[in-house]
Amino acid sequence: AGDTGKTTRDIIQLKLLGLPGNFGTGLIPKDCIIRTLQKQGVADAVEMAYIKLISGGQSLLSLKSYDQRREAFQGTEVDDIWLDEEPPQEIYTECLLRTMTTNGIVSTTFTPLMGLSDVVLSFCPGGELVEGTVKDTATKHVTVCDWDSVPHLSQKEKDEMYAAIPPFQRDARSKGIPQLGSGAIYQVPESDVVIDDFEIPKHWPRAYGMDVGWNKTA
C-alpha cells in the first residue's frame with residue numbers, strides 16, 4: 001500500500017510488476033504473473049495480481065492505498081504487507097492485525113517527515129531512534145538507510161541536494177532521523193541546538209519557557 005492510488009501505481013506497482021503494458025519487467029518475473037485485475041478510477045493501475053509460486057500454487061498480490069481508509073484493509077489474513085510512505089496509525093494497526101494469525105510480516109519504508117508520530121514512536125521508545133531490534137521487543141526492527149548507505153549517489157550530488165533542502169528537514173532526508181514535525185515553527189535542525197546530557201553547574205541561572213497557544217508567546 002501507498003498513500004494514494006496514483007503513487008501506489010507509480011512506485012509500488014512499477015517496482016513489483018513493471019511498466020503498464022509490459023508487466024514482468026519489475027521484481028516479479030513475467031512467467032510468474034498469471035493474471036492482473038485493473039483498479040477502477042485510476043488509469044493503468046492494478047488492484048490485484050495472481051502470482052505463480054515455486055511450490056506450484058499461487059499467491060494473491062493486492063495493491064491498496066491509505067486514501068481508501070482503514071475499512072479497505074480489514075477482514076483478511078495476510079502473510080506479508082509492505083507500506084511505502086508513513087501510514088496513518090489506524091491503518092498500521094489494522095495491518096498488524098491482518099498478520100496476527102499468519103505470523104506474517106509488516107514492513108514500512110519511509111522518511112520520517114512527520115516527526116515523532118505515533119507510528120514512528122512505536123519504533124522509537126522514548127523518542128530515541130536506534131538501529132536494530134527495538135528495545136523491549138522481539139518483533140520490531142529498525143534499519144536506518146542514510147545517504148552514505150546509497151552507493152549510486154556521488155558526494156557532489158549529496159552536497160548539492162543537502163544545500164537545497166530546508167534546514168529543519170536535513171536530518172530526516174539525509175539520515176532518516178525524525179524531523180521536528182509538520183508544526184515546526186523555527187526552521188532550525190535539532191542538531192544545532194540539542195546536546196548530550198550533562199550536569200548543570202549550580203551557579204548557572206535557570207529559566208523556563210512555555211508556549212500556551214497561537215496568540216500567546218513564551
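# Exercises on loops, strands and salt bridges

Asp44 is found in the loop between β1 and β2. Strands (E, at least two residues) and helices (H or I, at least four residues) are DSSP runs, numbered from the N terminus. This is a predicted model, in which local features need pLDDT of at least 70 and side-chain atom pairs count only at pLDDT 80 or more, while totals for chains, interfaces and linings use all residues. Residues are numbered from 1 along each chain as its sequence is written, and side-chain values use heavy atoms, with hydrogens and water left out.

## Exercise 1: Positive phi

Task: Describe the backbone and the accessibility of Asp44, then those of Glu85.

Solution. 
- Step 1. The background is that most residues other than glycine have a negative phi.
- Step 2. Asp44 has a positive phi, near 65 degrees, although this residue is not glycine. At a relative accessibility of 48%, Asp44 is partly exposed; buried means under 20% relative accessible area, exposed over 50%, and partly exposed in between (1.4 Å probe, protein chains only).
- Step 3. Glu85, in the loop between β4 and α2, also has a positive phi, near 80 degrees, and is likewise a residue other than glycine. Its relative accessibility of 34% makes Glu85 partly exposed.

## Exercise 2: The sheet

Task: State in which order the 3 strands of the open sheet lie, and explain why one side of β1 and one side of β3 lack a neighbour.

Solution. 
- Step 1. The order is β1-β2-β3, with antiparallel pairing. Two strands pair if DSSP finds at least two bridges between them.
- Step 2. β1 (33–38) and β3 (58–62) are the edge strands; each has a single partner, so one side of each has no neighbour in the sheet.
- Step 3. On average, neighbouring strands of this sheet are turned by 15 degrees against each other, direction ignored. Here axes are lines fitted to C-alpha atoms, for helices over the stretch in contact, and angles run from 0 to 180 degrees between N-to-C directions.
- Step 4. β1 and β2 (residues 46–52) are joined by 5 bridges, and Gln38 stands opposite Val46 in β2.
- Step 5. Between β2 and β3 there are 5 bridges, and these strands run antiparallel. Ile51 has Ser59 in β3 as its bridge partner.
- Step 6. β2 and β3 form a hairpin with 5 residues between them, and Gly56 in the turn has a positive phi of about 105 degrees.

## Exercise 3: Salt bridges

Task: State how many salt bridges the whole structure holds, and trace the network that includes Arg70.

Solution. 
- Step 1. The search of the whole structure gives 6 salt bridges, each being a side-chain nitrogen of Lys or Arg within 4 Å of a carboxyl oxygen of Asp or Glu.
- Step 2. One of them joins Arg9 and Asp10, at 2.8 Å from N to O. Asp10 is partly exposed, with a relative accessible area of 43%.
- Step 3. Arg70 and Glu94 form another, with the closest N and O atoms 3.1 Å apart. This pair links distant parts of the chain, 24 residues apart: Arg70 is in the loop between β3 and β4, and Glu94 is in helix α2. Arg70 is partly exposed at 25%, whereas Glu94 is buried at 8%.
- Step 4. Glu94 also forms a salt bridge with Arg98, whose closest N and O atoms are 2.7 Å apart. Both residues lie in helix α2, 4 residues apart, about one turn of the helix. Arg98 counts as buried, at 16%.
- Step 5. Salt bridges link Arg70, Glu71, Glu94 and Arg98 in a network.

## Exercise 4: A buried charge

Solution. 
- Step 1. Glu86 is in the loop between β4 (80–84) and α2 (89–98).
- Step 2. Leaving aside neighbours within four places in sequence, Glu86 is in contact (heavy atoms within 4.5 Å) with Tyr66, Phe110, Met114, Ser117, Val119 and Val120.
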